[in-house]
Amino acid sequence: MVSKVSRFTLILGIFVAMMGCNIANHGSFVTNTYQDVKVSGPLVRLGPVSGQSCQTHFLYLLPMGDSVSSPRAIEEAKNAIKGTIIITDVTIDDTLSFGVGYSEQCINVQGIAFGTITQ
């Protein structure tokens, strides 16, 4: 009986420890994304943009799909408005939500797009 309780306690401890790896509140702010030195001339404000990169964990442990990625979320935000060259006032935040039998971790990017006007 003791060995069954010990195994259960060990498995439960590992499960809780692995869930803790996902639970983190962090965010960051940068003034602008990388701008190519070849771009010259004034840029126009195109408007607010946002991007997101998410991953679902089945049974809170087993990842499904690609892992979350800040560069992927930034690229999605840059592609939100055609002609975007840089994004300024960039905020990057991490969210974790729980459902019945799954959790979802997302990286969210928000900012203001600047670029060229395209017709």
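Two strands pair if DSSP finds at least two bridges between them. Helices (H or I, at least four residues) and strands (E, at least two) are DSSP runs, numbered from the N terminus. With that in hand, let's start. S2 and S5 run antiparallel, and 14 bridges join them.

A word on the model. It is predicted: local features need pLDDT of at least 70, side-chain atom pairs count only at pLDDT 80 or more, and totals for chains, interfaces and linings use all residues. Residues are numbered from 1 along each chain as its sequence is written, and side-chain values use heavy atoms, with hydrogens and water left out.

How confident is the predictor? pLDDT is its confidence in each residue, from 0 to 100. The protein averages 80, and 75% of the residues score at least 70. Strand S1, residues 27–32, has the lowest confidence, at a mean of 57. S2 has the highest, at 93. Where pLDDT is low, the predicted coordinates should not be read in detail.

S2 covers residues 44–58, and S5 covers 102–115. Look at where they meet. Valine 49 faces glycine 111 in S5. Proline 48 has isoleucine 112 in S5 as its bridge partner.

S5 pairs with S4 too. That pairing is antiparallel, over 13 bridges. Here isoleucine 92 has valine 109 of S5 as its bridge partner. S4 and S5 form a hairpin, with two residues between them. Glycine 101 sits in that turn, with a positive phi of about 85°.

There is another hairpin, between S2 and S3. These strands pair in the antiparallel sense over three bridges. Histidine 57 stands opposite proline 63 in S3. Three residues lie between the two strands, and leucine 59 in the turn has a positive phi of about 55°.

How covered is S5? Buried means under 20% relative accessible area, exposed means over 50%, and partly exposed is in between, with a 1.4 Å probe and protein chains only. By that rule, 10 of the 14 residues of S5 are buried.

On to the core. A nonpolar core is a set of buried Ala, Val, Leu, Ile, Met, Phe, Trp, Tyr and Cys residues joined through side-chain atoms within 4.5 Å. The largest one here has nine residues: Val49, Ala73, Ala77, Ile87, Val90, Ile92, Ile107, Val109 and Ala113. Which elements give two or more residues to it? They are H2, strand S4 (84–99) and S5. In soluble globular proteins, nonpolar side chains tend to be buried together.

Contact means heavy atoms within 4.5 Å. Leaving aside neighbours within four places in sequence, valine 109 has contacts that include Val49, Ala73, Ala77, Val90 and Ile92. Now proline 71. This residue lies in helix H2, residues 70–78. Is proline 71 buried or exposed? It is exposed, at a relative accessible area of 59%.

Next, the disulfide. The term covers a pair of cysteine sulfur atoms within 2.5 Å. A search of the whole structure finds one. Cysteine 54 is joined to cysteine 106, S to S 2.0 Å. Cysteine 54 lies in S2 and cysteine 106 in S5, so the pair ties together parts that are 52 residues apart in sequence. The torsion about the S-S bond is about 110°, so this disulfide is right-handed. The two ends can be described by accessibility. Cysteine 54 is partly exposed at 29%, and cysteine 106 is buried at 5%.

Last, the aromatics. Rings of Phe, Tyr and Trp (its six-membered ring) pair if their centres lie within 6.5 Å; planes under 30 degrees apart count as stacked, over 60 as edge-to-face and the rest as tilted. The structure holds one such pair. Tyrosine 60 and phenylalanine 98 form it, tilted, at 6.0 Å centre to centre and 45° between the planes. The pair links distant parts of the chain: tyrosine 60 in the loop between S2 and S3, and phenylalanine 98 in strand S4. Tyrosine 60 is partly exposed at 22%, and phenylalanine 98 is partly exposed at 46%.

One more point on tyrosine 60. Its phi is near 70°, a positive value in a residue other than glycine. Aspartate 89, in strand S4, has a positive phi as well, near 50°. Most residues other than glycine have a negative phi.

How values were computed: pLDDT = per-residue confidence, 0-100.
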